[in-house]
Amino acid sequence: MGEPTDEESVQPQDLLERLKDYGQEHCLDFWKDLSTEERGLLLKNLEILDLPRIDRIIKKSLYAQDLRSLSSIEPVPDANISTLEHRTLEQREKWWNSGLKAIADGKLAVLLLSGGQGTRLGSSDPKGCFSIGLPSGKSLFQLQAERILRVQTLASLSTSNGRKVQIAWYIMTSPFTSEATQQFFERHKYFGLEQEQVTFFEQGTLPCISKQGKFILETPFQVSRAPDGNGGVYAALKVSNCLDDMATRGIKYVDCFSVDNAMVRVADPLFLGYVMERGASCAAKVVKKAFPQERVGVFARRGKGGPLAVVEYSELDHSLSHAINQETGRLRFNWSNVCLHLFSLEFLNDITEDLERDSMYHIAEKKISSIEGTVDGIKLEQFVFDVFPYSSSLALFEVLREEEFAPVKNASGATSDTPDTARLLLLNLHTRWVVAAGGFVTHSIPLHLTGIEVSPLRSYAGENLADVCRNRTFHAPCEIRAS
């Protein structure tokens with residue numbers, strides 16, 4: 001590395017003045033000690049920062065009145081939710097068929113939130129590359145891709161001429177997972193999907209800051225940065241031109257979910273049909289809260305007659321989390337958010353402008369690596385559910401957690417949300433499908449510890465199994481393949 005000349009040792013005045021305008025001039029404190037190469041890296045690091053935007057975010061998040069503050073909350077009105085007990089077979093068939101038609105007409109895209117690494121699972125790979133130990137050995141990415149393929153097949157079969165159907169899949173990565181994710185898809189030949197129907201884009205990052213709002217330096221020539229949360233998807237869709245691409249493709253609705261749900265029903269025609277009938281700008285699948293202390297966010301109205309939003313479990317005091325609806329016998333705040341969402345494209349276009357204007361981010365206090373060692377700092381994040389209060393027509397759609405929710409968040413050995421628990425949930429569900437289709441199951445270990453895996457290419461939600469299962473015996477664990 002070359003030693004800087006006396007002329008180069010002078011701090012770049014224009015940059016220094018810009019940093020001073022936003023109270024971040026300390027970023028150049030080590031300038032005279034840096035080599036020529038390190039100075040180049042620092043300049044590159046600072047020049048990509050949108051200082052006015054970041055300053056606005058910091059000030060609103062740290063100092064402005066918090067628009068998310070909890071004054072009073074009310075339970076979700078019945079009119080906002082479709083519950084299982086009030087859903088008729090005729091309605092389900094109508095929603096399913098209308099959803100399939102919309103998919104066949106190219107109106108639905110799939111949006112995957114996949115910016116995280118599998119660190120908590122003991123892996124440095126993107127979380128979607130992780131295998132939960134199914135008989136097939138399939139990764140989370142492969143399970144989701146094959147569900148898309150199956151829905152494409154179902155939608156094609158629903159048309160009069162069996163025309164080819166293609167669902168566009170947009171995958172949000174982060175700077176830490178982007179290259180590895182794309183290489184994983186390339187190695188596996190996109191799991192049978194066409195390459196042109198899969199679009200990768202990166203979520204943004206923001207500087208890590210001190211509690212006083214100052215940028216934390218990771219090294220003398222690098223600002224510490226962190227992903228801006230899964231709610232960063234809205235800005236990332238705009239910046240990457242994915243919203244424009246969706247419009248060009250004729251897409252009207254976007255199915256959004258997190259990568260770490262092993263049982264997610266990707267591109268669910270039933271859900272889409274319901275949302276279209278309701279004319280909702282956005283919707284969420286919900287499950288009943290398992291018990292009062294469950295650490296999940298719940299839907300509620302914020303403020304008297306206010307908009308629907310997700311209230312974090314930490315915001316509910318004991319009396320609210322345990323309160324019972326005397327008419328139903330259920331918890332008053334009963335509907336849990338499980339990150340299964342559907343948006344109209346029109347709403348997504350509008351919301352990117354609203355979120356950028358309001359610049360409200362959640363404050364996550366974290367240990368941050370810095371030039372002074374590990375320090376207490378702040379990461380600024382948005383959450384995917386932050387958009388719900390902006391919708392006047394948010395609709396909630398109840399599903400069974402044992403059919404659609406198997407989170408993979410913790411390493412094996414933890415008490416919940418592990419690869420083992422997710423695998424058993426999926427195997428148990430598929431075993432029930434096999435039995436319902438007329439099959440029999442034998443096992444040499446307790447059945448609640450094993451089961452049958454059904455390839456998504458064979459069945460999306462239990463259909464198309466009678467011919468292969470009726471009067472046939474399967475020894476668990478095993479896989480029923482596509483053919």
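**A close look at the loops**

Tutor: Let's begin with Gln-326, which is found in the loop between helix H10 (318–322) and strand S14 (335–344); helices (H or I, at least four residues) and strands (E, at least two) are DSSP runs, numbered from the N terminus. Bear in mind that this is a predicted model, in which local features need pLDDT of at least 70, side-chain atom pairs count only at pLDDT 80 or more, and totals for chains, interfaces and linings use all residues. Residues are numbered from 1 along each chain as its sequence is written, and side-chain values use heavy atoms, leaving out hydrogens and water.

With a relative accessibility of 71%, Gln-326 counts as exposed; here buried means under 20% relative accessible area, exposed over 50%, and partly exposed in between, with a 1.4 Å probe and protein chains only. Between the C-alpha atoms of Gln-326 and Asp-55 there are 48 Å in space, and the two are 271 residues apart in sequence.

Other loop residues are covered. Gln-382, in the loop between strand S16 (373–381) and strand S17 (395–398), is buried, at a relative accessible area of 5%. Not counting residues up to four places away in sequence, Gln-382 touches Asp-228, Gly-229, Asn-230, Gly-231 and Gly-232, along with Leu-355, Met-360, Tyr-361 and His-362; contact means heavy atoms within 4.5 Å.

Gln-197 is placed in the loop between helix H6 (178–187) and strand S5 (198–202), and with a relative accessible area of 2% this glutamine is buried. The side chain of Gln-197 reaches the backbone oxygen of Ile-167 at 2.8 Å. That is a polar contact, meaning a pair of N or O atoms within 3.5 Å; within protein, one must be able to donate a hydrogen and the other to accept it, and residues adjacent in sequence count only if both atoms are side-chain atoms. Beyond its neighbours within four places in sequence, Gln-197 is in contact with residues including Gln-166, Ile-167, Ala-168, Trp-169 and Arg-249.

Ile-216 belongs to the loop between strand S6 (205–207) and strand S7 (217–219) and is buried as well, at 7% relative accessible area. Although 162 residues separate Ile-216 from Ile-378 along the chain, their C-alpha atoms are 9.2 Å apart. Leaving aside neighbours within four places in sequence, Ile-216 has contacts with Cys-208, Ile-209, Ser-210, Val-223 and Ser-224, among others, and also with Ile-368, Ser-369, Ser-370, Val-375 and Gly-377.

Now for some backbone details. Asn-241, in the loop between helix H7 (233–239) and helix H8 (242–249), has a phi near 65 degrees, a positive value in a residue other than glycine. Asn-241 is partly exposed, with 46% relative accessible area. Ala-267 also has a positive phi, about 55 degrees, without being a glycine, but this alanine counts as buried at 0% relative accessibility. Ala-267 has its place in the loop between strand S10 (253–258) and H9.

The buried ones are Pro-269, Leu-270, Phe-271, Leu-272, Gly-273, Tyr-274 and Val-275. Asp-268 caps the N-terminal end of H9, with a side-chain oxygen 3.0 Å from the backbone nitrogen of Leu-270. After H9 comes Gly-279, with a positive phi near 65 degrees.

One more loop deserves a look: Pro-477 sits between strand S20 (473–476) and strand S21 (478–480), and a cis peptide bond, with omega about 0 degrees, joins Ala-476 to Pro-477.

Finally, the whole. The protein has 14 helices and 21 strands, and 53% of its 483 residues count as buried. Among contacts with a separation of 6 or more, 75% link residues 24 or more positions apart. Along the principal axes, the C-alpha atoms fill a box of roughly 85 × 55 × 45 Å. The radius of gyration is 25 Å, which agrees with the value near 23 Å that a compact globule of 483 residues would have; this radius is taken over C-alpha atoms, and the globule rule is 2.2 Å times the number of residues to the power 0.38.
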